[in-house]
Amino acid sequence: MSEARRRLLANVQVRIGAGLVAVLVVFSVVAPWISSHDAVTSHFESAATRGGPAGPSLAFPLGADRLYRDQLVRLAEGGRTSLVIGVLATALATLLGTLVGVLSGYYEGARGLRIPWLVVATGLALFFAVVYGPANVTSALTSAGGLPIVITLGLALGLALAAKARRGPEVGLDTFLMRAVDVGLAFPFLLLVMALASAFERTSATTILLTLGFSGWLGIARVVRAKTIGIRNQEYVLAARALGQRTPKILLIHILPNVLGPVVVLSTLSVAQMIVAESAMSYLGVGISPPTPTWGYMLFEGQETYAAAPWLLVAPFVAILMSVLGFNVLGEGLREALDPRKDRG
Amino acid sequence: MTMARTLARRLAHGLVVLFATVTLAFFLNEVVPSDPARMVAGAQARAEDVEKVRRELGTNKPLAQRYARFLRRLVHVASTKAAPDHATCAALGPLHLDLGKSYQKRRPVVDILAERAPRTIALAFTAVLVQALLGTALGLFAAKHRRTLKDRVTVGSSLVATSAPTFMTGLLLQLFFAKILGVLPLDGFGASFSDHVASIVLPSLTLGLYGAALYTRISRDEMVTELGRDYVRTAKAKGAGPTAVMRHAFRNVLVPLVTLVGLDLGALVSGAAVTETLFRWPGLGSLAVEALLDRDGPVLMGTVLVTCLGVVLSSIFVDLSVHWLDPRARNEEPARGS
């Protein structure tokens, strides 16, 4: 057994976290199988008592919700949704974040694209003409999908190149990508959910998954970039470059494996954040549309009847806490086990 | 690069980021189907009235013209605020800022933002204060007792606290302090200043408990690393007590903590949507959620603008304060890559 694997298995946090996650997975997968109920059927006869929906019993271990549906099965189905969204959204975010981070870090400080001052000035003039000019100028310039603007800018670029007037601001790949990260951090992602939802006609698991995936890569990109900057001038990378290896190969073989440690940790913690984000959206009423069960919406419903039926509130509460805690503890454990600076442990 | 040049560069980049975010949000907002004219005219309005409102709002124009109109109104120069077409402007001298009128609240968006922003800023500052003080105190405590049970329990419980989403922590706090003990208001904003103070306690505690864990971990880990360095050994050898040693080391832990404070402030100034909604705190976060659910385009664009401004300014603030706190960051030329 390798040293790393031994440290991983010996770590208490890794064990606890992995255990919690395993319990969650088994519960979500198995509970709907062995139960005779499903998540969306109301059982008006068997789940009704005089005071309303039945409390915990043998037939309904966690009671029935206010529409007489089996709470246990709904909890398990909600767990499947949370897990699938958490893991797939993280996969998407990790892929994007690592790609952007490695490219950005490798090309930090490198030469970028020079935009001639002539093009910049023309662009600004066009912008002010469109925005502050009279209405007929605006409509003339933006006609045919903005073709006049494109043609004018093209002419300016051609003129600048012909006159060898190449001086101007430089936009490097790193600058561009990091400013894109800034835009992402400032962007209202609930708006993206709504836009996607109206495009797909309904807020589905796919909508939430895509939104979370496309919003969750920013932090990973920043960390991977910093890590890449730290290792790109190491001797083995320089040697590979001196030997004439192609850049994609260098990035894939020499850079990527060495940034994977923090990526593994971050993506484990990210699953927890995704589960929180998904349940928060459901709680706010912008998540997956009912009747699909989600923990956040169950919590929202349970909150209204907490005095009469506290179990309806407790069940999703415990489920969210345990699953988020599981992934958080696992992530912290991985961080500890993978961190070569043992003095921190 | 000199300080002034760095600052100028950062501000220029910030402007580009602001512009890109607002543009993206504008076009995305257009994708969401809604009929502003119908909302403004009212559900009972006659078709010709709706048509009239549509012409007034300019929503019958092509998309590019609407976008140009939006930007022209957003920032323009005017000598007076008295004219009726400047009724929804906020004036900074001759410079006018205009986000139009809310479809639902029928008030100028700049007025709504000006009313809401101080409340969110107050919440953001108290929340960051709670999480930074609580988190750092716990982190230093854990570092002092490193590799003991006290360390494990501190770090473990902060992990549990951060694993409960804010709407769950908030719910528990509401249940305990408002319903059972009855000492603090359940939610809302209150009418007098003392009401406001009482009302801000639970939401800032909710956000603080959630955010503290990160401060605990970073201050603990950084402190433990610093305590293993040579200068600490030297200080100990020269007879410095444990408190003096901690004080030496803490200065070096400050840099990542200040970075975190800046980023958190930026994120919270944009409004903690969930917490503000749960506690009915009338700030920018709950405003954004309302605007989204009501399809209130002008208000939504206003919240996007403020959010983005918060993020951009806080990231510039972070860079400047790191520059000021850490002399090493001043002299280092950025490493040139390939």
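**Entry 1: the Arg225(A) pair.** I looked up what holds these two side chains together and found a salt bridge between Arg225(A) and Asp174(A), with 2.7 Å between the closest N and O atoms. Arg225(A) sits in helix H10 (residues 217-231) of chain A and Asp174(A) in helix H7 (residues 173-186) of chain A, so the bridge ties together parts that are 51 residues apart in sequence.

**Entry 2: another bridge from H7 to H10.** Next I checked Asp182(A), which forms a salt bridge with Arg222(A); here the closest N and O atoms are 2.9 Å apart. Asp182(A) belongs to helix H7 of chain A and Arg222(A) to helix H10 of chain A, and the two are 40 residues apart, so I note this as a link between distant parts of the chain. Is Asp182(A) buried or exposed? Asp182(A) has a relative accessible area of 9%, and because the cut-off for buried is under 20%, I file it as buried. Arg222(A), at 31% relative accessibility, counts as partly exposed.

**Entry 3: over to chain B.** I then turned to Arg280(B) and Asp187(B), whose side chains meet in a salt bridge at 2.9 Å, N to O. Both partners are in loops: Arg280(B) in the one between helix H11 (273-278) and helix H12 (284-294) of chain B, Asp187(B) in the one between helix H7 (166-180) and helix H8 (193-227) of chain B. They are 93 residues apart, and the pair links distant parts of the chain. For accessibility I noted 59% for Arg280(B), which counts as exposed, and 25% for Asp187(B), which counts as partly exposed.

**Entry 4: the wider tally.** How many salt bridges does the structure hold over all chains? I have 22 written down. I also marked a network of salt bridges that links Arg111(A), Arg114(A) and Glu170(A).

Entry 5: I picked out Phe128(A) in helix H4 of chain A; Phe128(A) is partly exposed, at 45% relative accessible area.

**Entry 6: around Ala198(B).** Ala198(B) is placed in helix H8 of chain B and counts as partly exposed at 24% relative accessibility. Leaving aside residues up to four places away in sequence, I see Ala198(B) touching Leu184(B) and Pro185(B). Leu186(B) is 12 residues from Ala198(B) in sequence, with 9.9 Å from C-alpha to C-alpha.

Entry 7: The predictor gives the complex an ipTM of 0.80 and a pTM of 0.83. Chain B has a mean pLDDT of 83, with 95% of its residues at 70 or more. Over residues 332-338 of chain B the pLDDT stays under 50, and the model has 13 contacts for them beyond four places in sequence. Where pLDDT is low, the predicted coordinates should not be read in detail.

Conventions:
Residues numbered from 1 in each chain as written. Chains lettered and ligands numbered in written order. Predicted model: local features only at pLDDT ≥ 70, side-chain atom pairs only at ≥ 80, totals over all residues. Heavy atoms only, no water. Salt bridge = Lys/Arg side-chain N within 4 Å of Asp/Glu carboxyl O. Helix = DSSP H or I, 4+ residues; strand = E, 2+ residues; numbered from the N terminus. Buried < 20%, exposed > 50% of the residue type's maximum accessible area, 1.4 Å probe, protein only. pLDDT = per-residue confidence, 0-100. Contact = heavy atoms within 4.5 Å.
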